[in-house]
Amino acid sequence: MRWSGQEINSEQADVLPGLARLNNLVRTVRTPEFEGITFHEVLAKSALNRVPGQSHMPFGWTINPMRGCLHQCTYCFARPTHTYLDLDSGKDFDTQIIVKVNVAEVLSQELARPSWGHHPVALGTNTDPYQRAEGRYRLMPGIISALASTGTPLSILTKGTLLRRDLPLLVEASEHVPVDLAMSIAIYDDDLQQSVEPGTPTAKARLATVTAAREAGLDCTVFLMPILPFLTDTRAHLDLALAQIKESGATSVVYSALHLRPGVREWYFAWLEREYPHLVGRYRSLFAKGAYAPKEYRSWLAAKVKPLIRAHGLERGREDPATGGVHSSALGRARNAADTPQGVGSEGSLIAEEMPPAMAARMREMQPTLF
């Protein structure tokens with residue numbers, strides 16, 4: 001799972017003081033396979049993150065196996081989270097990736113606590129769990145198995161086609177808990193897509209992953225977001241996007257306009273000045289009053305998008321108001337004895353194979369009473 005012979009230093013607290021304060025830094029790794037990228041492997045103290053709820057919504061729970069993202073989307077709203085580790089929200093976010101190598105094991109311990117309420121857990125609401133490095137670290141199978149084996153609903157929002165690797169495991173998990181999937185595909189112009197989100201798979205590859213999920217029997221929403229003002233908000237682009245989303249077999253579609261928080265705004269504007277300098281003035285005017293496009297623009301966009309969604313025979317999906325991910329089908333369901341997963345982690349199960357060893361042992365000990 002790890003790289004051998006690529007270690008820079010076992011302990012580099014002087015290099016990443018913020019990271020050293022927050023976590024146990026195991027080692028720092030570079031490899032030719034990921035040129036220009038540095039991976040900082042850490043031992044996480046916790047896996048579950050509670051998202052505080054507002055007065056009008058419940059709290060949510062998320063898991064972030066990595067911090068920073070190889071997808072390198074210039075508009076990514078999660079960029080400012082890197083500053084908590086004394087890293088910048090620009091190049092560092094794209095190239096300094098923090099990997100929680102023990103996240104599945106820690107998660108299994110947290111889920112085993114009697115106080116755990118089996119709330120829906122969202123992945124991909126901050127940085128992408130299926131970015132390319134997941135192919136080497138294989139953190140997601142253990143996470144999915146730990147959640148499913150304890151009767152915990154899960155949702156995944158990703159731009160990563162590596163999701164296809166875990167479809168058999170997700171299908172099995174869906175037999176025991178609600179599983180909600182969403183693929184983020186914002187841009188349907190190949191040149192623009194490779195310019196503004198250079199580390200992502202093509203829209204075609206992501207649409208094919210949606211189709212694969214649907215053929216496996218799983219629902220899959222497409223997040224058509226963010227819609228970029230003056231770039232992807234034309235009727236022609238939106239019509240093309242929705243036609244391809246429909247053809248992919250997507251269950252529903254969610255859309256929203258671009259928003260630019262501090263730490264993201266500067267990075268996006270730097271890209272805009274390089275690639276579309278003639279639009280800089282229009283953007284400065286549009287976002288003059290804050291991170292969100294003004295209500296007038298959002299209303300104009302809705303008046304354009306909603307009829308196109310209907311015209312293509314698509315359902316409009318829902319965002320989870322607490323986490324920003326795909327809305328969990330488990331929300332609002334009462335948990336009772338009938339909801340207890342049956343046969344989870346049994347011999348021959350993919351869930352059992354991918355389960356962290358500590359969790360697998362615990363489940364075997366509990367089996368006489370659970371099953």
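## Basis of the model

The model is predicted: local features need pLDDT of at least 70, side-chain atom pairs count only at pLDDT 80 or more, and totals for chains, interfaces and linings use all residues. Numbering starts from 1 along each chain as its sequence is written, and side-chain values use heavy atoms, with hydrogens and water left out.

## Overall fold

The chain has 14 helices and 12 strands. Both are DSSP runs, numbered from the N terminus: helices are H or I with at least four residues, strands are E with at least two. Of the 371 residues, 54% count as buried. Buried means under 20% relative accessible area, exposed means over 50%, and partly exposed lies in between (1.4 Å probe, protein chains only).

Contact means heavy atoms within 4.5 Å. Among contacts in the chain with a separation of 6 or more, 74% join residues 24 or more positions apart.

## The largest pocket

The largest pocket has a volume of about 1400 Å³. Of its 50 lining residues, Phe77, Met225, His259, Glu319 and Gly324 are the closest to the centre. Elements that give two or more residues to the lining are strands E4 (48–51), E9 (154–158), E11 (220–227) and E12 (252–257), plus helix H12 (295–311). The largest share comes from E12, with 4 residues. By class, the lining has 24 nonpolar, 17 polar and 9 charged residues. Here Ala, Val, Leu, Ile, Met, Phe, Trp, Tyr, Cys and Pro count as nonpolar, Asp, Glu, Lys and Arg as charged, and the others, Gly among them, as polar.

The terms rest on a 1 Å grid over the protein atoms alone: a cavity is a set of points where a 1.4 Å probe fits but cannot get out, while a pocket is an open set with protein on both sides within 12 Å along at least five of seven lines. Lining residues have an atom within 4 Å of a point. Grid points are joined across faces, edges and corners, and the volume is the space filled by probe spheres set on the points.

## Helix H5 and its partners

H5 (residues 140–149) packs with H3 (residues 103–111) at an angle of about 10°, with the axes 8 Å apart. The two are therefore roughly parallel. Val103, Ala104, Leu107 and Leu111 of H3 meet Gly142, Ile143, Ala146 and Leu147 of H5. These residues divide into 7 nonpolar, 1 polar and no charged. H3 is largely enclosed by the rest of the structure, because 7 of its 9 residues are buried. The buried set is Val103, Ala104, Val106, Leu107, Ser108, Glu110 and Leu111.

H5 also contacts H6 (residues 167–174). Their axes come within 10 Å and cross at roughly 5°. H5 and H6 are therefore roughly parallel as well. Pro141, Ile144, Ser145 and Ala148 of H5 touch Leu169, Leu170 and Ala173 of H6. That contact has 6 nonpolar, 1 polar and no charged residues. An α-helix has 3.6 residues a turn, so residues three or four places apart point the same way.

Axes are lines fitted to C-alpha atoms, for helices over the stretch in contact, and angles run from 0 to 180 degrees between N-to-C directions. Under 35 degrees counts as roughly parallel, over 145 as roughly antiparallel, 65 to 115 as roughly perpendicular and the rest as oblique.

Thr221 lies in strand E11. Its relative accessibility is 9%, so Thr221 counts as buried. Beyond residues up to four places away in sequence, Thr221 touches Leu181, Ala182, Met183, Ser252, Val253, Val254 and Val326.

His327 sits in the loop between H12 and helix H13 (350–354). At 17% relative accessibility, His327 counts as buried. Leaving aside neighbours within four places, His327 contacts Asp180, Arg318, Glu319, Asp320 and Pro321.

## Backbone details

The peptide bond from Met225 to Pro226 is cis, with omega near 0°. Pro226 lies in strand E11.

Phe230 lies in the loop between E11 and helix H9 (235–248), and is partly exposed at 25%.
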